[in-house]
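I opened this notebook page to record what I looked up in the structure, entry by entry. The entries follow the order in which I consulted the model.

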Amino acid sequence: MREPMKMLPRRSLPERATTQDPLVKLCSFLVGKEEYVLDIMRVEEILPPQRIIPVPRAPSFVEGMLHLRGAMLPVVDMRQRLTATEAPPSPRSRLLVCLLGRRRLALRVDRVTEVMRVRRSEIKPAPALLSPGRTPFVVGVCGTQERPRLLLDIKALLRAEVERETQRPGGAA
């Protein structure tokens with residue numbers, strides 16, 4: 001006959017979130033030499049490089065459209081949007097399929113580094129001077145001093161750019 005299993009006292013695990021300071025899951029990725037993070041709840045899936053269909057007269061940061069399981073998704077080149085430089089896709093490039101309300105879109109990033117868990121208290125607010133007079137798209141900073149990661153608000157990032165592009169002569173309407 002088996003001996004009953006002895007129950008060990010339950011310890012609080014460092015990964016366990018408290019109600020006062022919950023854990024937040026973030027998707028970390030590189031664009032150029034900078035590392036950024038998004039709330040993982042916005043990321044539906046991560047894809048390897050795919051064929052992108054060019055769209056004439058699209059805003060400069062829109063690389064084109066992606067045909068994904070019967071849906072057409074706009075593809076935003078995050079390098080173009082954040083650094084205003086272009087780079088050809090590499091085998092390490094990834095497409096983050098994200099949800100913005102009811103809309104889906106793909107963000108092309110240079111590389112996904114990890115999905116990380118941080119306590120909400122470890123995310124520090126971004127300085128207000130980063131975007132004076134505008135809705136900031138860098139809303140926080142987390143990570144270490146040696147490896148800071150900028151928390152992006154994708155809605156604000158795209159809203160500002162779409163407004164700027166539609167105000168330019170010859171921009172997308």
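Entry 1: a salt bridge between Glu35 and Arg147. I began with this pair, whose side chains meet in a salt bridge with an N to O distance of 2.9 Å. I then placed both residues: Glu35 belongs to strand 2 (residues 34-39) and Arg147 to the loop between strand 10 and strand 11, so the pair ties together parts that are 112 residues apart in sequence. I note that the model is a predicted one.

For Arg147 I recorded a relative accessible area of 38%, so Arg147 is partly exposed.

Entry 2: other salt bridges. I looked up how many salt bridges the model has. The count comes to eight salt bridges.

One of them joins the side chains of Arg104 and Glu44, again with 2.9 Å from N to O. Arg104 sits in strand 7 (residues 103-109) and Glu44 in strand 3 (residues 43-47), so this pair ties together parts that are 60 residues apart in sequence. I recorded Arg104 as partly exposed, at 26% relative accessibility. Glu44 is also partly exposed, and I wrote down 38% as the relative accessible area of Glu44.

I then turned to Glu45, which forms a salt bridge with Arg69; the closest N and O atoms are 2.2 Å apart. This pair links distant parts of the chain, 24 residues apart, with Glu45 in strand 3 and Arg69 in the loop between strand 4 (62-68) and strand 5 (71-77). Arg69 is exposed, with 62% relative accessible area.

I also looked for salt bridges that share partners, and found that such bridges join Glu35, Glu114, Arg147 and Arg149 into one network.

Entry 3: I traced an open sheet of six strands, in the order 8-1-2-11-10-9, with mixed pairing. Which strands stand at the edges? I identified strand 8 (111-119) and strand 9 (124-125), each of which has a single partner strand, so one side of each is left without a neighbour in the sheet.

I then examined strand 10 (residues 138-143) and strand 11 (residues 148-152), which run antiparallel and are joined by five bridges. I noted that Gly143 has Pro148 of strand 11 as its bridge partner.

Entry 4: Lys25. I located Lys25 in strand 1 (residues 23-31). Lys25 is partly exposed, at 39% relative accessibility. What does Lys25 contact, leaving aside its neighbours within four places in sequence? I listed Leu38, Asp39, Ile40, Met116 and Arg117. I also looked up Arg120, which is 95 residues from Lys25 in sequence, while their C-alpha atoms are 9.6 Å apart in space.

Entry 5: For Cys27, which is in no disulfide, the nearest cysteine sulfur is that of Cys98, 7.8 Å away. I recorded Cys27 as buried, with 0% relative accessible area. Cys142 is likewise buried, and I noted a relative accessible area of 3% for Cys142.

Terms used:
Residues are numbered from 1 along each chain as its sequence is written. This is a predicted model: local features need pLDDT of at least 70, side-chain atom pairs count only at pLDDT 80 or more; totals for chains, interfaces and linings use all residues. Side-chain values use heavy atoms; hydrogens and water are left out. Helices (H or I, at least four residues) and strands (E, at least two) are DSSP runs, numbered from the N terminus. Buried means under 20% relative accessible area, exposed over 50%, partly exposed in between (1.4 Å probe, protein chains only). Contact means heavy atoms within 4.5 Å. A disulfide is a pair of cysteine sulfur atoms within 2.5 Å. Two strands pair if DSSP finds at least two bridges between them. A salt bridge is a side-chain nitrogen of Lys or Arg within 4 Å of a carboxyl oxygen of Asp or Glu.
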